[in-house]
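Please look at the chain displayed below and follow its course from one end to the other.

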Amino acid sequence: MIDGFLALYIFMLAAFTGYEIIARVPVILHTPLMSGSNFVHGIVLVGAMIALGHAQTPFEIAVGFIGVLLGAGNAAGGYVVTERMLEMFKSSKPDAGKPNLSEVTK
């Protein structure tokens with residue numbers, strides 16, 4: 001089993017590394033990166049559900065339920081943010097090849 005200080009060290013190292021990697025990503029790549037992270041959040045959610053299924057004590061059940069709840073919120077929120085980011089890339093002008101319906105009905 002990993003003792004507390006080693007687990008804290010690994011967590012801090014992962015957080016610092018993740019921050020440094022994400023900070024250097026160009027703006028145009030943030031949307032594909034968010035899509036990939038949504039996939040990872042889905043895997044985390046499945047893992048939390050499996051852990052909740054094997055929980056035996058009330059404490060384990062409570063921690064597992066909170067994990068599933070937070071994982072589901074994180075995955076759903078990631079998809080909402082990705083959708084909003086994709087909306088930023090859509091053109092506000094109508095397509096040149098398609099007729100504008102408001103002009104056709106006049």
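A contact, as the word is used here, means heavy atoms within 4.5 Å. This is a predicted model, in which local features need pLDDT of at least 70 and side-chain atom pairs count only at pLDDT 80 or more, while totals for chains, interfaces and linings use all residues. Residues are numbered from 1 along each chain as its sequence is written, and side-chain values use heavy atoms, with hydrogens and water left out.

The overall plan comes first. The chain contains four helices and zero strands, and its pattern along the sequence reads α-α-α-α. Helices (H or I, at least four residues) and strands (E, at least two) are DSSP runs, numbered from the N terminus. Of the contacts in the chain with a separation of 6 or more, 61% are between residues 24 or more positions apart.

The surface may be considered next. A residue is called buried under 20% relative accessible area, exposed over 50%, and partly exposed in between (1.4 Å probe, protein chains only). Of the 106 residues, 12% count as buried.

Helix α3 covers residues 58-89. With 32 residues, α3 reaches 47 Å from its first C-alpha to its last, close to the 46 Å expected at 1.5 Å a residue; the expected span is 1.5 Å times one less than the number of residues. Buried residues in α3 include G64, G71 and G78, together with V68 and A75. G73 also lies in this helix, but G73 counts as partly exposed because its relative accessibility is 44%. V63, another residue of α3, is partly exposed as well, at 45% relative accessibility.

Which residues does H41 touch, not counting those up to four places away in sequence? H41, in helix α2 (residues 30-53), touches N74 and A75. The C-alpha atoms of H41 and A76 are separated by 9.1 Å, although the two residues are 35 apart along the chain. In the same way, G73 and L45 are 28 residues apart in sequence and 9.6 Å apart in space, C-alpha to C-alpha. For V63 and L52, eleven residues apart in sequence, the C-alpha distance is 8.0 Å.

The UniProt record, in an unreviewed entry, lists residues 6-27 and 61-81 as "transmembrane region"; such annotations may be inferred rather than shown by experiment, and feature names are shortened, with positions in the numbering used here. In the model, residues 6-27 are 82% helix and 0% strand, with the end C-alpha atoms 34 Å apart. Residues 61-81 are 100% helix and 0% strand, and their end C-alpha atoms are 30 Å apart.

Charged side chains provide a further detail. A salt bridge is a side-chain nitrogen of Lys or Arg within 4 Å of a carboxyl oxygen of Asp or Glu, and by this rule the count comes to one. R24 forms a salt bridge with E20, the closest N and O atoms being 2.7 Å apart. R24 is exposed, because its relative accessible area is 64%, whereas E20, at 24% relative accessibility, is partly exposed.
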